[in-house]
Amino acid sequence: VSTQSTGKLFIERMATVTTDQIKKIVNNFLLSAPPGEFFDVVTDCRNLLKNDALLNEIAVDTFREYNTQQLLVVDAPSRDHKLLICKPGEVSPNEYIDHHSQQVVSFDHFKQEVGPGRPLAPGDQDSDAEPWRSAIESKVLEYVKNHYDRGYGAVYSTSKSTISVCISSHIYNSSNFYNGRWRSIWNIKIQGGKADLEGNVKVQVHYYEDGKDQSCNVQLNTSLSRKKEGLPAKDPSTLGDAVAKTIDDLEAEFQNNLDISYDKMNSTTFKALRRALPVFATKIKWEKITQYTLGGDLDTKNKK
């Protein structure tokens, strides 16, 4: 089916739904955009809708939601390090904490660009939790450096007793038709010399082929949720070690399970999708493929 006919069919069906339903559909399209392809999906939605006013109505909230959900990694204003755009680090809808520079930076969700910052103020994060946050961040950044080629981690004290660890790693390779992102958020709640860690990992990968027919277009969306209770928290350093080790163990388990699943998928699931033999139940002799004719050699009845 051509892109033109698909667009015509989309417009015809859109005529039968309400404006609120259209907004919900478009919002879902945008939030489901593969890593590195968000603006391509925005362009496609604009071309399908033919209604910029409607798209602009949802853009402010949807762009912000996408950027923070995806744990976007961006350059700091100084260009000498990276920072994360994420909910735990959000001070206001357009301001995000950068502990590396001790600043709160502004962020343009439409352009995905960082602007000038201001000094980090005491009220931006819980100052009482800073020793714990700092100790955990030190160990987490070491873990990220050792396990992620393109990863970045950050730690935020979202309340006096809760600290959030955010890790994001991506690869954009549109020239070779694949993009992907790993993102994880782990929340640590501290109470009475112990701490509980709970969070999730999400992986999204898009592999496709260029061209009008888009003959190959495959997406992976998978996630893991885990909880670990009773981590030692007698002091910040002890908790930092325990958090980094626990995250290492849980994320390694997730990745190992993915490897096992894909190995099994290759040997069983994909195999089950293919015929063991052609429809005429005879193996093709590939060395003679140029000699075959549809009405002759491939017809087993004629051979008999």
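**View 1. Five strands side by side in an open sheet.** In this predicted model, strands line up in the order β7-β8-β9-β10-β11 to form an open sheet with antiparallel pairing. Here, two strands count as paired if DSSP finds at least two bridges between them. Helices (H or I, at least four residues) and strands (E, at least two) are DSSP runs, numbered from the N terminus. At the edges sit β7 (151-157) and β11 (217-232), each of which pairs on one side only. On average, neighbouring strands of this sheet are turned by 10 degrees against each other, with direction ignored. Axes are lines fitted to C-alpha atoms, for helices over the stretch in contact, and angles run from 0 to 180 degrees between N-to-C directions.

A word on reading these views: residues are numbered from 1 along each chain as its sequence is written, and side-chain values use heavy atoms, leaving out hydrogens and water. Because this is a predicted model, local features need pLDDT of at least 70 and side-chain atom pairs count only at pLDDT 80 or more, while totals for chains, interfaces and linings use all residues.

View 2. Seven bridges join β7 to strand β8 (residues 162-173) in the antiparallel sense. Is β7 largely enclosed or open? Six of its seven residues are buried, so β7 is largely enclosed by the rest of the structure. Buried means under 20% relative accessible area, exposed means over 50%, and partly exposed lies in between (1.4 Å probe, protein chains only).

View 3. A nonpolar core is a set of buried Ala, Val, Leu, Ile, Met, Phe, Trp, Tyr and Cys residues joined through side-chain atoms within 4.5 Å. The largest one has 27 residues, and I136, V165, I188, L197, L239, V243 and I247 touch the most other members. At least two residues of this core come from each of α5, β8, β9, β10 (194-208), β11 and α6 (236-273). Which element gives the most to this core? That is α6, with seven residues. Now look at I136: leaving aside its neighbours within four places in sequence, I136 is in contact (heavy atoms within 4.5 Å) with V155, I163, V165, L239, G240 and V243. Another core lies apart from this one, with 15 residues, including I22, F38, V42 and I58.

**View 4. Two helices, α2 and α3, passing each other.** The axes of helix α2 (residues 19-31) and helix α3 (residues 38-49) come within 9 Å and cross at roughly 155 degrees. The two helices are therefore roughly antiparallel to each other. For such angles, under 35 degrees counts as roughly parallel, over 145 as roughly antiparallel, 65 to 115 as roughly perpendicular and the rest as oblique. Where the helices meet, I22, V26, F29 and L30 of α2 face F38, V41, V42, C45 and L49 of α3 as contacts.

**View 5. A four-stranded open sheet.** Here the strand order is β3-β4-β5-β6, again with antiparallel pairing. The edge strands, each pairing on one side only, are β3 (90-92) and β6 (113-119). Neighbouring strands of this sheet are turned by 35 degrees against each other on average, direction ignored. Strand β5 (residues 103-108) and β6 pair in the antiparallel sense over five bridges, and V104 stands opposite R118 in β6.

**View 6. Two loop residues with a positive phi.** Most residues other than glycine have a negative phi. L71 has a positive phi, near 50 degrees, and lies in the loop between α4 (52-69) and β1 (72-75). With 1% relative accessibility, L71 counts as buried. Q112, in the loop between β5 and β6, also has a positive phi, near 55 degrees. Is Q112 buried or partly exposed? Q112 is partly exposed, with a relative accessible area of 22%.

View 7. T68 belongs to helix α4 and is buried, with a relative accessible area of 3%. Which residues does T68 touch, not counting those up to four places away in sequence? They are I85, C86, K87, E90, Y96 and H109.
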